[in-house]
Every structure is written in structure tokens, then in C-alpha cells.
Amino acid sequence: MTELICHTDSYIRDFTAQVLVVQGDQNLVVLDRTAFYPGGGGQPYDVGTLVAGEQTLAVSKVQRQGNDILHHVKVEDEETLSLPQIGVEITGHVDWERRYRLMRTHTALHILCGVVWRDYGAQVTGGNMEPLKGRMDFEFEALRQELVQEIEAKVNAEVECGREVVVRHLPRAEAFEIPDLIQTKINLLPEGIEEVRSVEIVGLDLQADGGTHVANTREVGHIRIADYKSKGRINKRLHIELTP
């Protein structure tokens, strides 16, 4: 079982861990703890490096498999690759520039979601992101330019408010007593999960979420709604971009 460090502190970028499993035929390494986010909820997985002794391994993909986090090691030279042995201590380094941009983007999408839910009562029907840009789909029957401009002004006002972003881990029963914790059209939480991680933008938004976020909305920077389009009769898409 891998402890997911970034679930409690998104700002940890370097860490030490012990190797639990090595799958040489697939170039996979499982650690007892990791700061690499394995992807999910529209947020891509992290990349970076693992260092074991004099060997530096590029982490090209990270994914969850049950309670384990699999680190896919990119092999550039088969003849010189040497995977670490089980039990060895390694040092992990997350590609921080990419991760922090994803943290800003993910929080920006939560701000957008919070404003749209609060002021227009529209649920989320889908979303995705990459560093500094993303898109979110809502249950809007109509979306015109004036409304888009209004939404953009409101989300940037929330950024400037400097709202604190708070992460909590709650027992499932307690979490589901919170009104509107699930703002997506479909409840994406797996059946049988015992603990729910919530992300709250204090005074604006509270959602069940597994991704990484900044600690204050001011860190997000300016949000621009770059495009909007209809994806069905009651499904409208907003594309956002952030300043570098």
C-alpha cells in the first residue's frame, strides 16, 4: 500500500521512500510513499525522477492500481538501466513547474464550478485539464457572450478575494451529510470507499475531490474564458486559460 503524500500536502515536491515492488519486465516501481499524483478527476498524472544511488530514473507515467501507486520508468537505454532493489531507499523529485501549473488550473476550475453552481445552479457534466488550461461542461440550456463575460468577471473577483483552500479527510457517512458535496451530474466516488477527501474554497465551494490544489485563490492568477460552445441541448462547455 502506497501512502499518497500529495493528498495531505500538495506542496511537497521532493521525498524519500522505500521500494516495495519492482516489475522489471514492465519497468514499474512501487514505493511505500510518494508525492507523485497518479491522475484522476480530469487532472493528469505527475512526472519527474526517482534517484537510487547513482541511477536516475525518469518517471514517465504514474497510475493507481488498487492501493498501490505504480511509477512507470522511462527507459532510454536498455543496456544501462538498473532498477532499484526491493527495500532500497530512493529519493523522488516531482516536476514542480508542471505540477504547480496543474494545481493552479485545478483550483481555477473549482472556482469556476463554485461560481456557476452558486449563481446559476448548473451542475458539472464533465471536465478536463492540462497545465494552465482546462475545460468544464455545465447543464446550461443557453449560453451567450454577455453571460460568459459576467462569469469571467465573477471568477476573477473570487481569485482576488484571496480565499483559503482547505483539504480535509472525512468518514464517508459524515461526508455525505454535507449538502452539495457532489456537484457533478454523476457521482464519481467509488462504492465502498471509507474515507472521502474534500476540497473547500472557503466561502465559495466545497467538493469531494482527489486532486492537488493551491492554498489560496490568489495563487491561481487571472482566469480567462477563452472559448465557449454548445455540446448539446443542455450541455455547454467553457474553456479557460491562465496566465503563466
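Q: How many bridges join strand β12 to β13, and do the two run parallel or antiparallel?
A: Strands of a sheet pair through backbone hydrogen bonds, either parallel or antiparallel. In this model, which is predicted, 4 bridges join β12 (residues 195-201) to β13, and the two strands run antiparallel.

Q: What is the order of the strands in the open sheet, and which are its edge strands?
A: The order is β11-β12-β13, an open sheet of 3 strands with antiparallel pairing. The edge strands are β11 (165-171) and β13 (205-208), each of which pairs on one side only. Neighbouring strands here are turned by 20° against each other on average, direction ignored.

Q: Which strands make up the closed barrel?
A: The barrel has 6 strands, running β2-β3-β7-β6-β5-β8, again with antiparallel pairing. Its neighbouring strands are turned by 45° against each other on average, direction ignored.

Q: Where is N27 placed, and what is its phi?
A: Most residues other than glycine have a negative phi, and most peptide bonds are trans. N27 has a positive phi, near 55°. N27 sits in the loop between β2 and β3. It counts as buried because its relative accessibility is 16%, and the cut-off for buried is under 20%.

Q: In which loop is L132 found, and is L132 buried or exposed?
A: L132 lies in the loop between β9 and β10. Its relative accessibility is 9%, so L132 counts as buried. Its phi is positive too, near 75°, in a residue other than glycine.

Q: How many residues does helix α2 have, and what length does it reach?
A: Helix α2 (residues 145-161) has 17 residues and reaches 25 Å from its first C-alpha to its last, close to the 24 Å expected at 1.5 Å a residue. Just after α2 comes G162, with a positive phi of about 65°.

Q: Which residues of α2 are buried, and why are they on the same side of the helix?
A: The buried residues are L147, V148, I151, V155, N156, E158 and V159. They are on the same side of α2 because they cover an arc of only 165° around the axis. The face turned away from that buried side carries the exposed residues E146 and E160.

Q: What do the buried residues of α2 pack against?
A: They pack against α1 (96-120), β14 (223-230) and β15 (236-242). I223 shows such packing at the level of one residue: among the residues it touches are V155, N156 and V159, along with A108, I111 and I240.

Q: Which residues have the most contacts inside the largest nonpolar core?
A: In soluble globular proteins, nonpolar side chains tend to be buried together. The largest nonpolar core here has 34 residues, and those with the most contacts inside it are L112, F138 and I223. At least two residues of this core come from each of α1, β9 (124-130), β10 (133-138), α2, β12, β14 and β15. Helix α1 gives the most, with 10 residues. Another core, of 21 residues, lies apart from this one and includes V19, V29, Y37 and V59.

Note on methods
Residues numbered from 1 in each chain as written. Predicted model: local features only at pLDDT ≥ 70, side-chain atom pairs only at ≥ 80, totals over all residues. Heavy atoms only, no water. Expected span 1.5 Å × (residues − 1). Buried < 20%, exposed > 50% of the residue type's maximum accessible area, 1.4 Å probe, protein only. Arc of directions from axis to C-beta. Contact = heavy atoms within 4.5 Å. Pairing = 2+ DSSP bridges. Axes fitted to C-alpha atoms, helices over the stretch in contact; angles between N-to-C directions. Core = buried A, V, L, I, M, F, W, Y, C linked by side-chain atoms within 4.5 Å. Lists of a residue's contacts leave out its neighbours within four places in sequence.
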